[in-house]
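Work through the exercises below with the sequence and the model at hand. Each task is followed by a solution in steps.

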Amino acid sequence: MTRKDILLSIHDLSLDLRVRRLAEAAKHTHPSDMADALASLPLSATLDLMRKLNAETAADMIEYFPESLQLALFSAMDAAEAARLFTALLADERADLYARLDARSRQNLLPALEKNVREETLRLAAFPEESVGSAVTSEYISVLPETRVSAALKTARAVARNSETIYVIYVLDREKHLLGTVSLRDLLLADDEDTMKSVMRPHPVFARATWPRSRSTEMIRRYDLLALPVLDDDGAMIGVITVDDAMDIEKEQDASQLARFGGTAAPDDSDLDILTSPLATMFKVRAFWLIFLTAFGVITSTFVAAQEAMLSQVIVLAAFIAPIVDMGGNTGSQSATLVIRAMAVGDVELRWAHVWRALKREIPVACALGLTVAALECALARFSKGVGMEVLMTVGLSMFVCTTAGGVIGLLLPFLARRMGADPATLSSPLITSVMDLLGVFIYFGFAYLFLGDLLRPL
């Protein structure tokens, strides 16, 4: 049943009947569609529905709720209700939710949790939000190295229902140090009497809990993993990050990167949300970059105004200022986007060898782009405005140089931002726009004086 079917079936029902109908639909409907359908219900009705569903079904649905609705629900529940649903969530989801709850909701929830759930939640929630440890789930299958394959299979069957991933079995010693891994396929193909030590793959790839989240997604992609084991500072395994978790992390990172590249990262390094961020915060963050750009714009416009003598003699030059300076900014944004993406996936690091390699690839591309747009601009100028050769040379060479310079500067700025310790996405976009505006008019009028300067000489 889709969201549309659900909404049609409950549209004309009373609120109480809607809740009953939704409770029945939840048994054979994807939790994501159910979560969408509940958006039209008041909080009290959603809370009533959560009480009618079993804990596992309700927990699956809650994972798709907006954060604001999750917090509102747990704030409205009594301790027993909150503990029932909270315990049914996956370990990493519990830690994330707990970190978002207010102090009153935490105090209400913690005493009602079983000891093992409470300790695990507090341990995972203690990691910084952007660290690998905060995204870890402790629901995985592990065995000792001396365990027989037949016994490991029985263990896998027994705990599979409560494990987020069953495709890899982790071989740990009694201090929980990671010794190796065994894929489910290898386990099924092994002889029953073999030990896990004899069939495991030693020296597996792992991440540290204190590493940035982005590093775990890079490793999962690079080594084609279904799950990445995570160790604490003492080398003990605390959990795994699954490929599903990595996809969610990358989705958040993509959204964050987009916001930062637009110059809308808040001072606390969070992203602005048009629906939930305070108006004062939205104003301050956006105003900072607009004021910054305005200052550059004043410098640029002052320089252009100083060229009154040249513009009065060759008024057609004014028509080409905007496309020339814009082309440099556009090309720079393209180059910066490619470099930032390469940095995000781990293909490029802050090394001279990587900078030089990127430059060697970008320069011929930027030159080819410059020649292409310069030829097009000259053709349009010739046939639409009938300008002479001096103006064509000025426009064409300016377009070529601005486009090429924009590509090179756009490529270098993310490296410069990383060297300064700033976020490349946050710094690059505003700077590319401002720098290329100012540099573009310098280049343009430099060529104008070179080819048309004789018009300013006194007769």
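The model is predicted, so local features need pLDDT of at least 70 and side-chain atom pairs count only at pLDDT 80 or more, while totals for chains, interfaces and linings use all residues. Residues are numbered from 1 along each chain as its sequence is written, and side-chain values use heavy atoms, with hydrogens and water left out.

**Exercise 1. Describe the largest cavity: its volume, its lining and the classes of the lining residues.**

Step 1. On a 1 Å grid over the protein atoms alone, a cavity is a set of points where a 1.4 Å probe fits but cannot get out, whereas a pocket is an open set with protein on both sides within 12 Å along at least five of seven lines; lining residues have an atom within 4 Å of a point. Grid points are joined across faces, edges and corners, and the volume is the space filled by probe spheres set on the points.

Step 2. Count and size. One cavity of 30 Å³ or more is present, and the largest cavity has a volume of about 40 Å³.

Step 3. List the lining. It consists of Ile62, Glu63, Gln70, Leu89, Glu93, Leu97 and Arg100.

Step 4. Assign elements. Helices (H or I, at least four residues) and strands (E, at least two) are DSSP runs, numbered from the N terminus. Helix α8 (residues 91–100) gives the largest share of this lining, three residues.

Step 5. Sort by class. Ala, Val, Leu, Ile, Met, Phe, Trp, Tyr, Cys and Pro count as nonpolar, Asp, Glu, Lys and Arg as charged, and the others, Gly among them, as polar. The cavity lining then has three nonpolar, one polar and three charged residues.

**Exercise 2. Describe the second largest pocket and locate Leu90, one of the residues nearest its centre.**

Step 1. The volume of the second largest pocket is about 850 Å³. Its lining has 31 residues, and those nearest the centre are Leu90, Glu139, Asn162, Ser163 and Glu164.

Step 2. Two or more lining residues come from each of α5 (55–62), α7 (79–88), α8, α10 (115–125) and α15 (243–261).

Step 3. By class, the pocket lining has nine nonpolar, seven polar and 15 charged residues.

Step 4. Leu90 sits in the loop between α7 and α8. Its relative accessibility is 26%, so Leu90 counts as partly exposed (buried is under 20% relative accessible area, exposed over 50%, partly exposed in between; 1.4 Å probe, protein chains only).

Step 5. Leu90 and Glu164 are 74 residues apart along the chain, with 7.6 Å between their C-alpha atoms.

**Exercise 3. Which residues form a nonpolar patch on the surface with about 260 Å² of accessible area together?**

Step 1. Patches are made of residues with over 30% relative accessible area and no salt bridge; like charges are joined within 9 Å, and nonpolar side chains (Val, Leu, Ile, Met, Phe, Trp, Tyr) within 5 Å. Accessible areas come from the Shrake-Rupley method with a 1.4 Å probe, and for residues only the protein chains shown count as cover.

Step 2. The patch is formed by Met389, Met393 and Leu397. Leu397 belongs to helix α20 (residues 389–420).

**Exercise 4. Where do His203 and Asp224, with their positive phi values, lie?**

Step 1. Most residues other than glycine have a negative phi.

Step 2. His203 has a phi near 55° and lies in the loop between β4 (201–202) and β5 (207–208). At 76% relative accessibility, His203 is exposed.

Step 3. Asp224 has a phi of about 55° and lies in the loop between α14 (213–222) and β6 (227–231). Asp224 is also exposed, at 68%.

Definitions and conventions:
Salt bridge = Lys/Arg side-chain N within 4 Å of Asp/Glu carboxyl O.
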